Amino acid sequence: MLLKSRFLHFPTAFSPNFRSVSAPVIRITKFRSQMGSSSGSSSKLIFRQLFEKESSTYTYLLADASHPDKPALLVDPVDKTVDRDLSLVKELGLKLLYAINTHVHADHVTGTGLIKSKAPGVKSIISKASNAKADLFVEPGDKIRFGDLFLEVRSTPGHTLGCVTYVTGDGHNQPQPRIAFTGDALMIRGCGRTDFQGGSSEQLYKSVHSQIFSLPKETLVYPAHDYKGFSVSTVGEEMLYNPRLTKDEETFKNIMANLNLSYPKMIDVAVPANMDTTHSLEKRITKTVLHWYFTERKENMPLTLLHSPKHHHHQPIPALYTPTCNSLSNFLAVKQKNAATKLRMTPVPPTYHRWRSFPAAPATQHHRAISASISPLDLTEDNIKQVLDDARVEATQLFDSSVGITGKAELADLDGPYVKIRLGGKFWHKRSTVLARLGNYLKQRIPEILEVDIEDEKQLDDSPENF
Ligand SMILES: N[C@@H](CCC(=O)N[C@@H](CSS)C(=O)NCC(=O)O)C(=O)O
């Protein structure tokens with residue numbers, strides 16, 4: 001649902017998710033009403049900065065302590081710390097209204113879906129431009145109200161296409177100084193990388209200068225990540241000392257083109273998961289795995305043991321499925337309690353393995369076992385088309401086509417052991433990455449292939465005209 005009024009209101013009849021003792025109030029600083037306003041009222045912001053250490057992500061809890069219901073919202077929650085965050089909400093006696101994202105994160109799974117399943121009534125929010133699924137979409141200029149306080153939405157693309165910065169209001173009775181939740185646009189003495197598809201250093205430079213550096217210098221800057229031990233900055237400080245954004249645009253673009261950062265470990269799990277902010281990963285994957293298990297599993301296909309309690313669900317393969325494995329394990333244990341054989345877990349669709357086995361990261365023992373179990377195919381046009389189809393099926397499962405991922409890969413030419421493929425539509429990854437992964441996959445399935453290349457270099461251009 002796109003906001004109609006462009007103003008998100010806290011519904012007064014909203015039934016509280018949590019009730020608890022009265023909240024301690026942190027008054028960030030003076031409010032307008034205390035600086036000469038005639039209203040005499042005084043809104044009080046409850047504010048907490050929370051940290052998730054594996055991805056170095058900051059989550060922010062904000063609430064209006066003056067309102068009887070203490071309406072609250074969470075900015076950029078992480079799935080792994082949802083229980084901590086919800087406990088805090090409960091302890092402070094807040095009523096959580098919204099779980100909002102600054103963008104589709106690539107390094108961790110958003111907690112919004114999990115929050116919604118644990119605290120029904122909470123709505124997920126993301127920008128319309130992100131193309132992700134959410135309960136509510138925001139656009140530049142929208143205001144997200146919680147009690148008498150609100151966040152204003154500013155469009156700050158560049159790290160991703162749909163990045164936004166949420167800034168506390170500048171109206172009457174709003175916190176002073178203002179606070180900007182900059183996501184991965186502006187970081188403390190840094191900024192978000194711009195090398196993902198949908199990223200653009202040119203756009204990021206403009207976003208930060210026009211939307212963030214135009215705020216009052218005392219505006220507090222709270223980013224989505226910090227890797228150096230910082231917790232907060234100000235607009236003025238970043239305008240003076242940010243080593244990237246104080247430079248002219250050309251120098252900035254050059255710096256960004258030469259960061260040489262490795263891809264986030266979680267990208268293949270996080271991006272597809274975060275394109276849907278409304279359901280937890282567990283729920284979505286469990287549904288898919290169960291469907292596969294009962295509809296497509298070949299009669300004698302062995303079940304492979306993937307699940308191991310020592311695997312954290314954020315590790316590449318077991319990562320995605322650990323929660324699923326637990327749920328599926330229980331489910332199947334009931335279904336098959338009369339089975340003579342001991343249930344060996346976990347029947348993850350082979351298609352997932354194959355897609356995930358593209359060696360972006362070094363193959364684990366598990367990956368190797370899976371790929372070794374797929375019989376090699378002869379080098380024929382039909383087999384190449386079949387393998388590309390398989391890859392597309394897998395890509396569709398991972399890169400949910402309902403949220404704007406339209407990417408297609410087709411066989412363009414076969415010349416002996418040399419294959420050319422055609423890429424079109426929109427992918428989440430950079431097209432060069434898609435090509436490399438498809439290449440690896442094709443070679444893995446059809447070992448006679450020596451080289452996989454693009455039909456036309458222009459098809460590797462990630463700019464929106466090519467989507
Ligand atoms: N090593 C981390 C990922 C680190 C990283 O790439 N961070 C991103 C934001 S999260 S997508 C970024 O923009 N960094 C900018 C920089 O200058 O570091 C992991 O594997 O998760």
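This is a predicted model: local features need pLDDT of at least 70, side-chain atom pairs count only at pLDDT 80 or more; totals for chains, interfaces and linings use all residues.

**Terms and their grounds**

Q: What makes the strands β2 to β7 an open sheet, and in which order do they stand?
A: The 6 strands form an open sheet in the order β2-β3-β4-β5-β6-β7, with mixed pairing. Strands are DSSP runs of E with at least two residues, helices are runs of H or I with at least four, and both are numbered from the N terminus. β2 (45–52) and β7 (136–138) each have a single partner strand, so they stand at the edges and one side of each is left without a neighbour in the sheet. Neighbouring strands of this sheet are turned by 25 degrees against each other on average, direction ignored.

Q: Why are β2 and β3 called paired?
A: Two strands pair if DSSP finds at least two bridges between them. β2 and β3 form a hairpin with 4 residues between them, and Ser 56 in the turn has a positive phi of about 50 degrees.

Q: Why are α3 and α5 called oblique to each other?
A: The axes of α3 (residues 201–212) and α5 (residues 249–257) cross at roughly 125 degrees and come within 9 Å. Axes are lines fitted to C-alpha atoms, for helices over the stretch in contact, with angles from 0 to 180 degrees between N-to-C directions. Angles under 35 degrees count as roughly parallel, over 145 as roughly antiparallel, 65 to 115 as roughly perpendicular and the rest as oblique. α3 and α5 are therefore oblique.

Q: What makes the contact of α3 with α5, and how do its residues divide?
A: Contact requires C-beta atoms, placed from the backbone, within 7 Å. Ser 201, Glu 202 and Tyr 205 of α3 make the contact with Glu 249, Phe 252, Lys 253, Met 256 and Ala 257 of α5. These residues divide into 4 nonpolar (Ala, Val, Leu, Ile, Met, Phe, Trp, Tyr, Cys and Pro), 3 charged (Asp, Glu, Lys and Arg) and 1 polar (the others, Gly among them).

Note on methods
Residues are numbered from 1 along each chain as its sequence is written. Two residues are in contact if their C-beta atoms, placed from the backbone, lie within 7 Å.
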